[in-house]
Amino acid sequence: MTALPPRLGAGSGPRPEHPAPSAAGILHLGLGNFHRAHQAVYTAAALSAGSDEWGVVGVASRSRAVVDAMQAQDLRYTVAEISPTGASFSVPAVHTDAFVAAEDPERVVGTLADDRIRVVTLTVTEHGYSASPSTGLLDLNDPLIAADLRGGAPQTTIGQLARGLQLRASGSGAPITILSCDNLSENGARTEALVRAFLSELRGTEGAEALAYLDSAVAFPSSMVDRIVPATTPQLRELVAARLGVRDDAPVSAEPFTMWAIEDRFAAARPAWEAGGAVFTDEVGAYEQMKVRLLNGTHSLIAYLGALRGVATISESIADTAVESAALAILRDEYEPSVRFPSGVDVRTYEGQLFERWANHALGHRTAQVGTDGSVKLRQRIPEPALRLLEAGSVPHLIALTVAAYLSCIAPMPGFDPGPHARAMVDPAREELARLADTSTDGRHLAQRVIAELHLFGQDLAEQPTFISRVGELIDTIRRHGVDAAIRDSIAASQAPMTTTGANR
């Protein structure tokens, strides 16, 4: 019988290439794969560059899986950087503690109030900010937000931030920076607005001291993060064991490409993340537009088309010439015109990098993972580019195809089977959308109810009948003739001479 390899830990496996942190200076909310393959790697580089006071207290939202694995491994794990030419491995050891917020929310509040914490970073996904899907404002109808406002141990991220800042304000009042690393437009300003809204909703003058503290000692810079980080698989664990000779129950894989653009507006000291390649810039908005629309928006289209075609991974999807053509068309004709590119970025070079990244078959990035939470993600990606074209008298056929493919995956019309990869997608709106699909007469009816009545993609697109009608047509094409027919239809329509539609506002 073959003996199991020893567990990764301080006494086994590769040694970290950076000094051990002497103290924690960062509280991170959202201890998932992305944080561990992105911000943690940059923090390891910062530790190598000098100050050792930038350890990370990692907080998982609800699941114990990563926390238990990391605690059993002396808070260590492997990052496998995977490309078609091979894999390289590193073991960051930047975390000084890890726990679960849902089990100990008061500990989140107390840690945030600790003077030694000078930066709070967040990767809680777009869904984790408790914002109303239709308005983007704090969702006061959310039962968890309502409970957090009443008092007691806060269960939401916004509640935890607000209560932690309250406690800090009433104590030392030491300055602190809250840095969102999620795919939200103007994520710093959005996070600040949600925290302020929470504090403003507290009874009487309860939130007044904290609001004044925000004015004087708290910064909410924006940032853009970019790295493809797939879900962990048994195959990855086997690869780590074979190559490193240790058992790692919490490894993460990532592509070689990585980018982090950060607004250099901190209330106190910060880590030297530039040692890992982070860019401190006043053009975060341009980086954000470039990434959220060109990478994320096109990525969504590739995922939904691939799932409907029955393929499991992004690389398989983009390998199909029809999907590749659709991706190139949406990228160049519908997203790029809405993007202000950062200084020094060559559009065609960036474009080429995107297709190389999507084609990385060794990474195994699944269409179901990329397509998950589309009701939240697409709202951040499609409205402004679509409205820009509609107001110019042009129909965004490929953006309409993205929405039609998304609805066909998440809320298929009766009698249409979107396949196993679509069914594996998780979406907070799935139940409500499925109910609408089950009672809709055709694709146009469904599109009208979802976009115009439910306002799933915001108020402005709800007032665009040309777009809504086009989405409905493509839902029916997918249902009756298949996704390939819808791709051909969309590309042909996008290449036809423009017919003026007039603004539909």
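Does Arg247 count as buried, partly exposed or exposed, and at what relative accessibility? In this predicted model, Arg247 counts as partly exposed, its relative accessibility being 36%.

**View 1. The salt bridge between Asp249 and Arg247.** The two side chains meet with a nitrogen-to-oxygen distance of 2.8 Å. Asp249 is partly exposed, with a relative accessible area of 25%, and Arg247 likewise counts as partly exposed. This pair belongs to a structure in which a complete search finds 29 salt bridges.

**View 2. The salt bridge between Glu263 and Arg265.** Here the N to O distance between the side chains is 3.1 Å. Glu263 counts as partly exposed at 24% relative accessibility, and Arg265 counts as partly exposed at 36%.

View 3. The closest N and O atoms of Glu351 and Arg332 are 2.6 Å apart. Glu351 is buried, with a relative accessible area of 5%, whereas Arg332 is partly exposed at 35%. Through shared partners, salt bridges join Arg332, Glu336, Arg348 and Glu351 into one network.

View 4. Leaving aside neighbours within four places in sequence, Leu165 is in contact with Leu112, Ile176, Ile178, Val195, Tyr213, Leu214, Val218 and Phe220. The C-alpha atoms of Leu165 and Val108, which are 57 residues apart along the chain, are separated by 11 Å.

Definitions and conventions: Residues numbered from 1 in each chain as written. Predicted model: local features only at pLDDT ≥ 70, side-chain atom pairs only at ≥ 80, totals over all residues. Heavy atoms only, no water. Contact = heavy atoms within 4.5 Å. Salt bridge = Lys/Arg side-chain N within 4 Å of Asp/Glu carboxyl O. Buried < 20%, exposed > 50% of the residue type's maximum accessible area, 1.4 Å probe, protein only.
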